[in-house]
Amino acid sequence: MKELTIDATVGNIESVTDFVNTQLEERGCSPKVLMQIDIAIDELFGNIASYAYNPEVGPATVRVELVEDPLSVVITFIDHGVPYDPLKKEDPNIKLSAEEREIGGLGIYMVKKTMDGISYEYKDGQNILKITKKI
Amino acid sequence: MEISKNAQGSSLEIAVKGRLDTTTAPLLEAELKRSIDKVTELYIDFAELEYLSSAGLRVLLAAQKVMNKQGKMVIRHVNETISEVFEITGFSEILTVE
């Protein structure tokens, strides 16, 4: 298990992505899965950066664990900002035309669709969001 | 991310290289705002784009709405990951992807 604690800012998304990618590449993760995970990081860490401590800046921890049988990665995002459960957000209507479309909720929806598991809990003043993906 | 443009009359091609995400999407948004004013055919080339997140979708949707009023917009050369993002989000129905 490895952990990175870093200021939750949009500017740090790349550092988080690099941190996770390094560990996944070592385990021979396919480029396709790697990109799906990178998108999930952009959505989830990006959300924390934009909303958790707004307008202040606070820290977030990203934990990467690899589990066997089947080989999977579990990535946990932890912040102690405003309590927010993204899984409660209603799925967007993806049948609407361009004119009627609203963009809110698409990011978390994509993460739900591309990861094998996602869970949220609020515990000890922390938002704990966990995604699991077979690699 | 790198953006390159090629304009011919009222036709504009914009090629995007790298990742279109929360960090870089504002750059493409700014470029489109600057460039598509009198454009009637907009081609967006993703041949060298690795992936896009919802921040990128937001920019494409805004551009599509503008181009619906003044002409057409076509997205070219998407890879499997990008195609999957369009399918999952229903953007494959909104956008013209070649």
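Of the 135 residues of chain A, 35% count as buried, a residue being buried if 20 or more other C-beta atoms, placed from the backbone, lie within 10 Å of its own, exposed if 12 or fewer do, and partly exposed in between. In chain B, 42% of the 98 residues count as buried. The model is predicted, so local features need pLDDT of at least 70 and side-chain atom pairs count only at pLDDT 80 or more, whereas totals for chains, interfaces and linings use all residues. Residues are numbered from 1 along each chain as its sequence is written, and chains are lettered from A and ligands numbered from 1 in the order in which they are written.

The C-alpha trace of chain A spans about 45 × 35 × 25 Å along its principal axes. Of the contacts in chain A with a separation of 6 or more, 64% are accounted for by residues 24 or more positions apart, where two residues are in contact if their C-beta atoms, placed from the backbone, lie within 7 Å. In chain B, 70% of the contacts between residues at least 6 apart in sequence join residues at least 24 apart.

Chain A contains 3 helices and 5 strands, these elements being DSSP runs numbered from the N terminus (helices H or I, at least four residues; strands E, at least two). Their order from the N terminus on is β-α-α-β-β-α-β-β. Chain B contains 4 helices and 5 strands, in the order β-β-α-β-β-α-β-α-α from the N terminus on.

In chain A, an open sheet of 5 strands has the order S1-S2-S3-S5-S4, with antiparallel pairing; two strands pair if DSSP finds at least two bridges between them. Strand S1 (2–7) and strand S4 (117–123) of chain A stand at the edges with a single partner strand each, so one side of each is left without a neighbour in the sheet. Neighbouring strands of this sheet are turned by 15° against each other on average, direction ignored. Strands S3 (residues 72–79) and S5 (residues 126–134) of chain A pair in the antiparallel sense over 8 bridges. Phe77(A) stands opposite Leu129(A) in S5(A).

Two helix pairs were examined in chain A. Helix H1 (residues 13–26) and helix H2 (residues 31–52) of chain A pack at an angle of about 145°, with their axes 10 Å apart; axes are lines fitted to C-alpha atoms, for helices over the stretch in contact, and angles run from 0 to 180 degrees between N-to-C directions. H1(A) passes H2(A) in a right-handed crossing, a crossing being right-handed if the near helix is turned clockwise from the far one by less than a right angle, and left-handed if anticlockwise. Residues making this contact include Val16(A), Val20(A) and Leu24(A) of H1(A) and Ile37(A), Ile41(A) and Phe45(A) of H2(A). By class, the contact of H1(A) with H2(A) has 9 nonpolar, 3 polar and 2 charged residues (Ala, Val, Leu, Ile, Met, Phe, Trp, Tyr, Cys and Pro count as nonpolar, Asp, Glu, Lys and Arg as charged, and the others, Gly among them, as polar).

H2(A) and helix H3 (residues 106–114) of chain A also pack at an angle of about 145°, with their axes 9 Å apart, and H2(A) passes H3(A) in a left-handed crossing. Among the residues of this contact are Ile39(A), Ala40(A) and Leu44(A) of H2(A) and Ile108(A), Met110(A) and Val111(A) of H3(A). The contact of H2(A) with H3(A) divides into 6 nonpolar, 3 polar and 1 charged.

Of the 9 residues of H3(A), 7 are buried, so the helix is largely enclosed by the rest of the structure. Leu106(A), Tyr109(A) and Thr114(A) are among these buried residues. The buried residues of H3(A) pack against H2, S4 and S5 of chain A together with H2 and H3 of chain B.

Between the chains, 20 residues of chain B are in contact with 22 residues of chain A. On the side of chain B that touches chain A, two or more residues each come from strand S4 (49–52), helix H2 (54–70) and helix H3 (80–89) of chain B. H2(B) gives the most to this side, with 7 residues. The residues of the side of chain B that touches chain A divide into 6 nonpolar, 9 polar and 5 charged.
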